[in-house]
Amino acid sequence: SPLDLEQCSLQVLEPEGSPSWSLLKLLGDRGCTVVELAESLQALEHTEALRCLSHSGIKIVVQPDSRAVLPGQVVKLCCWATGHPFVHYQWFKEEKEVPHGNSPELVLSPVSVKDSGFYICRVNSESSFTFSRWARLEVCELQDTAHGSLMGLPENKLCICIQPQPQNLTVGDALVLECGAVGNPIPHYQWFRNGFPLTNGSKNVYTVTYVDVEHQGTYWCHVFNDQEDKDSKKVEVTIGRKAMAVECTEEDLSDLQESDPQEESSHRPVATDKVALLIGNMSYWNHPQLKAPMVDVYELTSLLRQLDFKVVSLLDLTESEMRNAVDEFLLLLDEGVYGLLYYAGHGYENYGNSFMVPVDAPNPYRSANCLCVQNILRLMQEKQTGLNVFLLDMCRKRNEYDDTILILDALKVTANIVFGYATCQGAEAFEIQQLGLANGIFMKFLKDRLLEDKKITVLLDEIAEDMGKCPLTKGKQALEIRSSLSEKRALTDPVQQSTSSAESLARNLQWAKAHELPESMTLEFQCGVQIQLGFAAEFSNVMIIYTRIVKKPPEITACRAHITDFPVDLDVDPKEANKGTPEETGSYLVSKDLPKHCLYTRLNSLQKLRERLIFTVCLHYEYSGIEDTMDERKEINVGKPLISKLGLHHGFKTKNCPQTCCMPGYPFHNPVESSPEAAEYYIPSHCQPSSCPGVYHPNCACSASITQPEACSCNGTSRILASRHEVQHYSPTVEKSNVPVETTDDTVELEFFLSDSLSFSEQQ
């Protein structure tokens, strides 16, 4: 009846109410069947709900994990799936069935070296079937290491069990260095020589088939996974020339005596420190949403940390938050420090100045609402930095709504500035969207070369060449490089701090403040139930909280726990918290590193946290024979985690406003009182922003009344290139973010480069 429907609809007012759930329960109580429900939905033409009622097929909910272990340990590979009416399992090693491997858990006890290989599980239900992902099992064969000395290690901890050995070779010999490690997730390897990563050194065995004198040096291997990292011992590899008898004259001997016996060594630049600020803006309030910045910032963070950069990675910042983040970034800079600023999001370029657009920028926006990159560069120069690198993954089209001309102070001639623009002046930058994968075109090529030991401008040149060969970007997007770099400086240059100066200590403290996570804790309730509370950082301003019940007294038949009552600053939706998988919370990038079988809550925008992070853990449990549910609550105070310690939520600091990005009309800026270094503005009288309806202005700041071209489209639905300078008809509705998937599978790479299904709609 209409009254029933109204009562169900009112459930939306309850904290955890659901009108749909109430309606389904009502239908069930009245004896309605699924067939009757389907007939009603058919009459309503509610196809989306009908799809929910149909059998969705087999779904694998727990995938097997790759790992490296020692001989004699017990290994358990897990694959759990759901299906209708029930599912069967069969494990394979490569192409052969594993005997008795027909359960969701494959147990190898004890594991031996011959068990090494790739495993996969086939799940079938009636006539359909699917496969899990491949899991790689490495069983390290111990040579000189005592096996018993390693058996007491904590399970799944990263441990190096095979260390490289020093070698004394002659020219022409083969160099073979081996490093073996165990751990879960499976360890990765990166070999170094004299402090620099080796291009082909990403395997546990590093080989040079024919060595020369240039291969001499100190070698070690950096072993890491997504949870921890370790370095092997450092070993010396000496290369001697083979003794050869040659005939020479007295004149040759005379020249030999006069020559300088000291060989010239090329001077390698060094950095006093390396600092990077990475900003990815996606969830715009008044402009089209982006998907790639989250994946781009995450991947670049991982790569820069391998190069010893102190990285601060932030998502979705407002104007004041961006300005304060830049201020904190400048505090980390000092003489000789390498500073790198990466930005992915909406942007534009006017009169040679580049502007980064915050997520709260109005529609349309102007320079007063954005951050000027050139002003940030001037402030970096005042710190006497050793290298200033700007990687701007944004569009550079003109903003027709902004005719303000910034007259900036002249930059110093420092010969250490490098700009890498993702696209040319006046052009757009695109992101790949393929079956949930989202990447900026620029990052797609940048991440493949960033670890190479080359001058930064040479590195960017090669990336530009790679982009030029890609059929997807040809004629649409091309990398542009601007540089005044005179020295051979590279991102791989070593860090060499002469002394532990006060500036260096303050810099380390400032960076550490932004990366402190609360410690994991175990909560014990009066009823005897114990709950583990853990924390993980996805970005400097995004944290995951996971909870699981680790102990339940036998007299308690059922119990469940969840966390609630978060500070209002974080705007946590209760319906998006306490999810069964990290993916349900929107956390796709670190899900494989988190403990399984927990409840997960993702806290975004920690920079908005004004006070300490205080929340409540609620426990509901039932005793055998008692119908009533018992409740217990504990209030948890974890202080200010990650970036919230730096107070980016505060209003923009007036003392730095004219310097970071001078803005006419900004509430805290008084042009009369500002310093002589402040920027000036000139607005030509004939260039006032036009508001004529029906006129197309090629920039992001479009109003709804303006005629706009269609967005780029695909012939199919598998892949599109979306612009970071969208001009489509846009309604600021918050969309569900796509699932970012990172893969290095060769077939995916091949498909990316050989795809011919993409077509662009002509820009109007």
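This report walks through a sheet, a tryptophan and some salt bridges in the structure above.

The model is predicted, so local features need pLDDT of at least 70 and side-chain atom pairs count only at pLDDT 80 or more, while totals for chains, interfaces and linings use all residues. Residues are numbered from 1 along each chain as its sequence is written, and side-chain values use heavy atoms, leaving out hydrogens and water.

**An open sheet**

Let's start with the strands (DSSP runs of E, at least two residues, numbered from the N terminus, as are helices, which are runs of H or I of at least four residues). Four of them make an open, antiparallel sheet in the order β33-β34-β35-β37. Two strands count as paired if DSSP finds at least two bridges between them. At the edges are β33 (521-524) and β37 (599-603), each pairing on one side only. β33 is joined to β34 (residues 530-539) by four bridges in the antiparallel sense, and Leu523 stands opposite Ile531 in β34.

**A tryptophan and its neighbours**

Is Trp220 buried or exposed? Trp220 is buried, with a relative accessible area of 12% (buried is under 20%, exposed over 50%, partly exposed in between, using a 1.4 Å probe and protein chains only). Trp220 sits in strand β18 (residues 217-224). Leaving aside residues up to four places away in sequence, Trp220 touches several others, including Trp191, Phe192, Asn194 and Lys233 (contact means heavy atoms within 4.5 Å). Asn194 is 26 residues from Trp220 in sequence, and their C-alpha atoms are 8.6 Å apart.

**Salt bridges**

The structure holds 26 salt bridges (a side-chain nitrogen of Lys or Arg within 4 Å of a carboxyl oxygen of Asp or Glu). Here are three of them.

| Pair | N to O distance |
|---|---|
| Asp226 and Lys592 | 3.8 Å |
| Glu452 and Arg449 | 3.3 Å |
| Arg449 and Asp466 | 2.6 Å |

Asp226 is partly exposed at 42%, and Lys592 is partly exposed at 44%.

Asp466 is buried, with a relative accessible area of 19%. Salt bridges with shared partners join Arg449, Glu452, Lys454, Glu462 and Asp466 into one network. Glu452, a member of this network, is buried at 15%.
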